[in-house]
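Then turn to the backbone.

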Amino acid sequence: MRVGYLQFNPIFGETKQNLDFVAERVRRAECDLLVLPELFNTGYQFISAEEATSLAEDIPTGPTTARLLQLAVNGRMHIVAGLAERVERRIYNSAVLLGPSGVIGVYRKTHLYDEETLWFTPGDTGFPVYDIGSARIGLMICFDWFYPEAARTLALKGADIVAHPSNLVLPHCPDAMIIRCLENRVFAVTCNRIGSEERGGKSKLSFIGTSEIVSPTGKILKRARGGQVELGVVDIDPLEARQKKINSYNDLLAGRRPAHYSSG
C-alpha cells in the first residue's frame, strides 16, 4: 500500500485556488491513501465567527468534498482532508475520509487549540476508525497529538494507520508522533502545512512543515523539510500494525491494565 502527504501553503480564503493546487499535485501521485493538511482549503487564521461560518461547507454536499471525490475517482485513491464543516448553526474543525466509492466518514476535532475555541464547536464524533479494505484508517487532527488518549483510542479500535491532518505551530509534534506510533504500534501520516498567516492585527502564526510518515516501530519513513512544498509517498504493509507483540511475553494492548489507570 502506498501512503503519502501533500505539504503546501494554503492561501487564506482562496478555496478554489487551494483546490486547484491540490488537484495539480495529486495528478502526479500514485498513492492509495493521501493526507492533506488541516483546513487545507481555507487557511487557518480566522478573525471572526462570521468569517469562519462563511468559509465553512457542508459534508458531503459542499463544493470541496465534491472536488475531492472527483480527485479520488480519477486517481483511484483515498483522501483524508481537513476543512471547516457546517452543521446547521455549528462549525466544526473536521477531517473527511473519502474514496472512489464516495464519502466514508467524518471526524470532528476533539481537542481545539487556542483561538479555534472561538470559532469551532468541540467535536462530537469520538475517534473513528474506517476499514477501506487495504487498511483500517483512524482519524485525528493536529492538537489531538498532545493527548495520548487520542492515538491509543484509535489503536484500541483497530486502526492500522492514523491519518493526521495538521496546521502545526508548536515544534514538538513530529518527534512526539514517533512515540505515538511506538506506544500503539501503528503507522501515522501527519500532513502539516507551511508558510505563515498574520491577519486582522493578530500575532503572526508560522507553520513548521515537517510532515512525516512513521512506522509502528517508530521509524521515520519519510519526513518533509520545514519550509517547502512536498508530496511524500512511501510503500508500507498495513499488516505490520496488527502485530502488537513486543516479545514472547508482552503484547502491547493485551498487557494493558485499565483498572489501574483511573485518576479516582
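A salt bridge is a side-chain nitrogen of Lys or Arg within 4 Å of a carboxyl oxygen of Asp or Glu. By that rule the count is 19 salt bridges. This is a predicted model: local features need pLDDT of at least 70, side-chain atom pairs count only at pLDDT 80 or more, and totals for chains, interfaces and linings use all residues. Residues are numbered from 1 along each chain as its sequence is written, and side-chain values use heavy atoms, with hydrogens and water left out.

Start with R67 and D20. Their side chains form a salt bridge at 2.9 Å, N to O. R67 lies in helix α3 and D20 in helix α1 (residues 15–26), so the pair ties together parts 47 residues apart in sequence. Helices (H or I, at least four residues) and strands (E, at least two) are DSSP runs, numbered from the N terminus. K16 joins D20 and R67 in a network of salt bridges.

Now take E85 and R108. Their closest N and O atoms are 2.9 Å apart in a salt bridge. E85 sits in strand β3 and R108 in strand β5 (residues 102–108), 23 residues apart. Both are buried. Buried means under 20% relative accessible area, exposed over 50%, partly exposed in between (1.4 Å probe, protein chains only).

The backbone comes next. Most residues other than glycine have a negative phi, and most peptide bonds are trans. L39 has a positive phi of about 45° and is buried, at 0% relative accessible area. E88 also has a positive phi, near 55°, but is exposed at 68%. A cis peptide bond joins I59 and P60, with omega about 15°.
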